[in-house]
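I opened this notebook to record which side-chain contacts I looked up, and in what order. The entries are brief.

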Amino acid sequence: MATSLAIAAVLSLATAPTASAASDVSGPVLFSPKVTPTTLNIATGPANIKVSLRLTDQTGTSAPVVTLGHDLTGQSYGFGRMSLIAGTPKDGIWERTMTIPQGAATGTWNVTLYPLSDTLGNSSTNFQDLATINVTGPASDVSGPVLFSPKVTPTTLNIATGPANIKVSLRLTDQTGTSAPVVTLGHDLTGQSYGFGRMSLVAGTPKDGIWERTMTIPQGAATGTWNVTLYPLSDTLGNSSTNFQDLATINVTAVPDKSTLTAAPAPKITGITKVGSTLTVAPGTWSPVPVGLSYQWYRSGTAITGATSVTYKPTATDTGTTLTVRVTGRKSGYTTTTRTSPATAPIAAGTLSAPAPKITGIAKVGSTLTVTSGTWSPAPVGLSYQWYRSGTAITGATAVTYKPTATDAGKTLTARVTGRKSGYTTASRTSPATLSVSR
């Protein structure tokens, strides 16, 4: 009987339910936080601090989060999770190294530990300041970037036949260096937006530079008023300046373009390309007719004042340059259209025209002879004279008249007339010889 009771007791114990293990309902427990050093000098470069602490938890601690903050300026650095360097998540040592860069605000910084939690989601503590850091160094940058001369072009867009672009350009200065600014295009009535993103530095440096961004409004987008908005600016230290700013208002339309005039072939310049020769432009065939045409001649790409006819006569100023002509067609209900001719060859010097001169008078010693130069063109032409004795130049005989001397007796005389004009090749004409000079 006693044996039966003992067996029954053992079976009873074997089949009785066991008590559950105690549940984890508490967050991690913090031990011995340590921050070193607590005094930093950033005069010559960035400086580091190391945060170390021990955490215990029944289930296991999630990696704790720490950050460095400067209350007066709002600057912060080093935000992130600590690393387990010894032990386990249930009982371990965690560390993180954080850096304050050169140029950051001086004075008091706080090392802040975020609320702790374990892998079950149990949380313990609130935000905790683990240490106060005293930072020294030169005058710090505590201001955000300064904005100069924002420019948006164009401010009127037509998206009837395709997308249209606008370019945003601005200058930013900052003691430490500006972070790339962000812009976007927005349509308030519909909420449509395009072009969001960072601008690119196109000139200068982040401390003083020009930033640009091109944004596109696609065909089919809402018409009406769009705003170009600049996001709050910040520098590389985290200093911020300004709020959202509307830099420009863009007026977007979708009005179909006017019909287009056609012209073929391209205008062509005909004539001899030299000074004084008349050049003419053949404008090509324009349609639909009639089309009003106007002309503008150009010298090496620069418009020639007053040269607005279908013809043009090159001047001395044109020598060595090339000429083009721009033909513009206009017709009511059509888009004004312009076509430009190919360039001419370089303009050569012009050619003077003149008859042979003639000597009048009696070829006799002591009698006055006169040279008649004839008509030179294009007038006016500067003329000079040289008399010759049997083909040899007579010293000092450079007037329009000449009185033969005894030396000339028995010899013939000629006169050479030379014409000079700016833009033209110098030309000479020689008279027929006189009879032999008598005594």
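The entries below concern aromatic pairs, charges over rings and salt bridges in a predicted model.

Entry on aromatic pairs. I searched the whole structure and found 8 aromatic pairs. I then looked up Phe79 and Tyr114, which form an edge-to-face pair with centres 5.5 Å apart and planes at 65°. Phe79 belongs to strand S5 (residues 76-81) and Tyr114 to the loop between strand S8 (107-113) and strand S9 (116-117), so this pair ties together parts 35 residues apart in sequence. I noted Phe79 as exposed, at 55% relative accessibility, and Tyr114 as partly exposed, at 27%. Ring pairs join Phe79, Tyr114 and Phe127 into a cluster.

Entry on charges over rings. I found Arg54 over the face of Phe31, 4.8 Å from the ring centre. I also found the charged end of Arg171 over the ring of Phe148, 4.8 Å from its centre.

Entry on salt bridges. In one of them, Asp91 meets Arg54 at 2.9 Å, N to O. Asp91 lies in strand S7 (residues 91-100) and Arg54 in strand S3 (residues 47-56), 37 residues apart. Asp91 is partly exposed at 35% relative accessibility, and Arg54 is partly exposed at 30%.

I next looked up Asp318 and Arg299, whose closest N and O atoms are 2.5 Å apart in a salt bridge. Is Asp318 buried or exposed? I recorded Asp318 as buried, at 0% relative accessibility, whereas Arg299 is partly exposed at 22%.

Finally, I noted the salt bridge of Asp408 with Arg389, with closest N and O atoms 2.4 Å apart. Asp408 is buried, with a relative accessible area of 0%.

Methods: Residues numbered from 1 in each chain as written. Predicted model: local features only at pLDDT ≥ 70, side-chain atom pairs only at ≥ 80, totals over all residues. Heavy atoms only, no water. Phe/Tyr/Trp six-rings, centres within 6.5 Å; stacked < 30°, edge-to-face > 60°. Helix = DSSP H or I, 4+ residues; strand = E, 2+ residues; numbered from the N terminus. Buried < 20%, exposed > 50% of the residue type's maximum accessible area, 1.4 Å probe, protein only. Lys NZ or Arg CZ within 6 Å of the ring centre and 35° of its normal. Salt bridge = Lys/Arg side-chain N within 4 Å of Asp/Glu carboxyl O.
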